[in-house]
Structure formats: structure tokens, C-alpha cells
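Thanks for coming. I have one structure to go through today, and I will keep to what can be read off the model.

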Amino acid sequence: MIRYIQKIALKAGAILKNIINKFHCGNSIEFMSKMPSECVDLILTSPPYDNLRDYQGYNFDFEKMANEIFRVIKKGGVIVWVVGDKINKGNRSLTSFKQALYFQSLGLNAHDIMIYAKKNTPFMRSNAYTNAYEYMFIFSKGSPKTFNPLKEPTARSGFEMLTTNKKSDGINKKVLGQLNTEKTKTNIWSYAVGLGGSTTDKIAFKHPAVFPENLAKDHILSWSNELDLVLDPMCGSGTTCKMAYLLNRNFIGVDVSKEYIEISKERLSKYANLFGEVINA
Ligand SMILES: C[S@@+](CC[C@H](N)C(=O)[O-])C[C@H]1O[C@@H](n2cnc3c(N)ncnc32)[C@H](O)[C@@H]1O
């Protein structure tokens, strides 16, 4: 891992050398303002959702955050913005869409709007269907420079079916010949959530809003390559950074809460120690 740090340091200079592969406690608007422009390959993050949770009283200034995100992302870099809406007396805030429109107004491409579906969800509503998803807005500065599409098995396991005599599932069981056994995944991704689903790291759940490690892994694989720099400016329990590290990417994690930064460091320490590195705030 140390050789990765050296390589990226050569590319991005002294400022980055001092901040990569570390967690930082502070307001990421100020933190990013000290970073060079267009130095980050992938930003994978999830903001506070309206005022659904109390992140130790911190007031989140979305537009200033978005402006800095736009400045530090490279041309061709990708931003994954994982977000949901508060439902207030039956009225969805639509903050997610307002934020998406703001990102687009800065000049980012709304490359995709993906769905993070939850396999298990406790939030039932008496007069609406149980909400089982959040948005994963994919923004890019120009066309994405990296896309490593994840694959899944084809429904027909690689066999062409006749177009006639379909069953109600649309699949004709008669085999004509072998086709591809896998295809590019759709933009709806499903994950189990909670302990054992999002992660097996118990300590992570001292944070109220952990997203699944596999969600982070899938985006990091899709939109970045080894040695790339992945930033999570609101890293919470450190999920993005942990997965970036394990996938041989460089990372920067920032959170305004000292308590959450300690959780992040603790989650990564068992892996980082293997490489004899020091992870400091
Ligand atoms: C939805 S949580 C992120 C959870 C994270 N994805 C995980 O898996 O643990 C949002 C985080 O943003 C942090 N936050 C809010 N405003 C911030 C700011 N201006 N600078 C840095 N962190 C901020 C909060 O402390 C909180 O941990």
C-alpha cells in the first residue's frame, strides 16, 4: 500500500501526500477548500437527510459543500450521492431532487439515478407502501473516465428462447442455443442492511446511518481503478474509506464528528496495521 501512496503523491503533490489515506475531523467544506482543484477520481458519500438524525447538532450547508465537491473532482471523475428524503406528515421533502438539480446547475452531468433497494426495512407507513429504497445519484464532470461495469448472470442462463409460446414470466423454455451467460447489471442494486447486512463491524453501528460495505465496494469498482483517489467528505463510520483501502484505492475520509472519526479509524485499524501504516487524524 505504501507504494500506492508514493505514486499518487508524485501525481498530486505535497498537499495530497499529507492528507491521503487518513481520516480527518472537521468541516469538509473548509477541508476541501484547501485541497487542489480537480484532484479526486471518485467521491462516494451520503449527506445528512434533512434533519432526520441529529449529527451532534451540526448544521449542514449543502450548496457550499456541493461547490467544493465540484471543484475538487477531476474532469471525468464521478460523484455518487446516496440520499433519501424525510417524510413529514405524509409529505416527502424532495430534498434529494433539489440537491440533484443544484449539482446539475453547477455543470455536472446527471449520469444516472440509481436505486439503493433495501432487502429488509422496518419503516412501515399506514397509508403508503413501505419505503424500501434510497437514491444513488451519479454525477460526472464530463463523461465518466472510468466505467468497469459489474455483471450478473442472464435470466436464461445463457440460452436463447423462442419468441413464441412464452410463459407468463416472458420466458420461453425451449432452448435454441447458447448466448452470453452474464450481462451488465441494472441500475437497481439491492442490499441487506443492519448488522451482518451492511457490515459485520459492530462498532460501526455507534453511527446512526451506516450504508452497506457492498454498496461502497460496487461503486468503487465501477467508477475507479486501483491507485485512484476516493474521497468521502462525510465519511461517518468510514465505510467508503474501508472499502477503498481494501480495493487498493487511496482514500480521504472527513467527518465533522470526532466520535465518528474514531469509529472510522477503529474499523480500518485492523487492516491498516497489516501494512504497518499509521492512520492519523
Ligand atoms: C449519512 S452520514 C454518513 C454515513 C456513512 N456513509 C457511513 O457508512 O457510515 C452523514 C455524515 O455527515 C457528517 N457531516 C455532516 N455535515 C458535515 C460537514 N460539513 N463536514 C463533515 N462531515 C459532515 C455527519 O457527521 C455524518 O456522520
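This is a predicted model: local features need pLDDT of at least 70, side-chain atom pairs count only at pLDDT 80 or more; totals for chains, interfaces and linings use all residues.

Eight strands make up an open sheet, and their order is S1-S14-S13-S2-S3-S7-S6-S12. The pairing is mixed. At the edges are strand S1, residues 22-25, and strand S12, residues 188-191. Each of these has a single partner strand, so one side of each has no neighbour in the sheet. On average, neighbouring strands of this sheet are turned by 20° against each other, with direction ignored.

As a reminder, strands in a sheet pair through backbone hydrogen bonds, in either a parallel or an antiparallel sense. S6 covers residues 109-118 and runs parallel to S12, with four bridges joining the two.

Now the helices. How do the axes of H6 and H7 lie to each other? Helix H6 is residues 239-246 and helix H7 is residues 258-272; their axes come within 9 Å and cross at roughly 15°. At that angle, H6 counts as roughly parallel to H7. The crossing is right-handed. On the H6 side the contact is made by Cys241, Lys242, Tyr245 and Leu246, and on the H7 side by Ser264, Arg267, Leu268 and Tyr271. By class, the residues of this contact are five nonpolar, one polar and two charged.

H6 has a second contact to look at, with helix H5, residues 213-223. The axes of H5 and H6 come within 9 Å and cross at roughly 55°. That angle makes H5 oblique to H6, and the crossing of H5 and H6 is right-handed. From H5 the contact takes Glu213, Ala216, Lys217 and Ile220; from H6 it takes Thr239, Thr240, Lys242, Met243 and Ala244. The residues of the contact of H5 with H6 divide into four nonpolar, two polar and three charged.

Last, the ligand. Which residues come nearest to the ligand? There are 23 residues around the ligand, and the nearest of them are Ser28, Met234, Gly236, Ser237 and Thr239. Thr239 has come up already, as one of the H6 residues in the contact with H5. Helix H2, residues 28-33, and strand S14, residues 250-255, each give the shell at least two residues. S14 is also a member of the sheet, listed between S1 and S13. As for the make-up of the shell, 14 residues are nonpolar, eight are polar and one is charged.

That is what I have; questions are welcome.

Definitions and conventions. Residues are numbered from 1 along each chain as its sequence is written. A residue is near a molecule or strand if its C-beta atom, placed from the backbone, lies within 6 Å of it. Ala, Val, Leu, Ile, Met, Phe, Trp, Tyr, Cys and Pro count as nonpolar, Asp, Glu, Lys and Arg as charged, and the others, Gly among them, as polar. Axes are lines fitted to C-alpha atoms, for helices over the stretch in contact, and angles run from 0 to 180 degrees between N-to-C directions. Angles under 35 degrees count as roughly parallel, over 145 as roughly antiparallel, 65 to 115 as roughly perpendicular and the rest as oblique. A crossing is left-handed if the near helix is turned anticlockwise from the far one by less than a right angle, and right-handed if clockwise. Two residues are in contact if their C-beta atoms, placed from the backbone, lie within 7 Å. Two strands pair if DSSP finds at least two bridges between them.
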